[in-house]
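Open the model in your viewer and get ready to select residues. This tour goes stop by stop.

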Amino acid sequence: MNKKRPDFKTFKKELLQDAECRKEYEALKPEFDLIREFIRARQKAEISQIDLAKKLKIQQPTIARLEGGGYARTSFAKLSKVADALGCSINISLQAKK
């Protein structure tokens with residue numbers, strides 16, 4: 001029997017029906033949002049990962065790792081340098097939990 005795998009949207013929808021899985025997914029939302037913001041800023045600046053890495057004097061795979069979700073273990077100072085190289089600044093705020 002060759003059962004077809006579900007597409008990503010269907011797979012995600014099924015997983016998020018589980019309360020524990022949904023809780024973990026939602027806990028990662030701030031990191032995912034930050035990743036999207038850095039990628040958008042880099043694209044808006046029309047700079048490639050390679051050029052950004054050169055500007056920061058680091059290797060391109062480091063930028064790829066950051067854009068792939070490597071922010072959790074990255075220092076605020078390093079994120080600030082990346083933001084600055086993109087012509088941006090970082091604004092951190094605290095929000096009450098729901």
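Which residue forms a salt bridge with Glu67? Select Glu67 and Arg42: they form the salt bridge, with the closest N and O atoms 2.5 Å apart. A salt bridge here is a side-chain nitrogen of Lys or Arg within 4 Å of a carboxyl oxygen of Asp or Glu. Glu67 lies in helix α5 and Arg42 in helix α3, so the pair ties together parts that are 25 residues apart in sequence.

Before moving on, note that this is a predicted model: local features need pLDDT of at least 70, side-chain atom pairs count only at pLDDT 80 or more, and totals for chains, interfaces and linings use all residues. Residues are numbered from 1 along each chain as its sequence is written, and side-chain values use heavy atoms, leaving out hydrogens and water.

Now color by helix. Helix α5 covers residues 60–67, and helix α3 covers residues 29–44. Helices are DSSP runs (H or I, at least four residues), numbered from the N terminus.

Is Glu67 buried or exposed? Glu67 is buried, at 13% relative accessible area. Arg42 is buried too, at 11%. Buried means under 20% relative accessible area, exposed over 50%, partly exposed in between (1.4 Å probe, protein chains only).

Next, select Lys29, Asp33 and Arg36. Salt bridges link these residues in a network. Lys29 meets Asp33 at 2.7 Å, N to O. Arg36 also meets Asp33 at 2.7 Å, N to O. Lys29 is partly exposed at 48%, Asp33 at 24% and Arg36 at 42%.

Technical notes: Helices (H or I, at least four residues) and strands (E, at least two) are DSSP runs, numbered from the N terminus.
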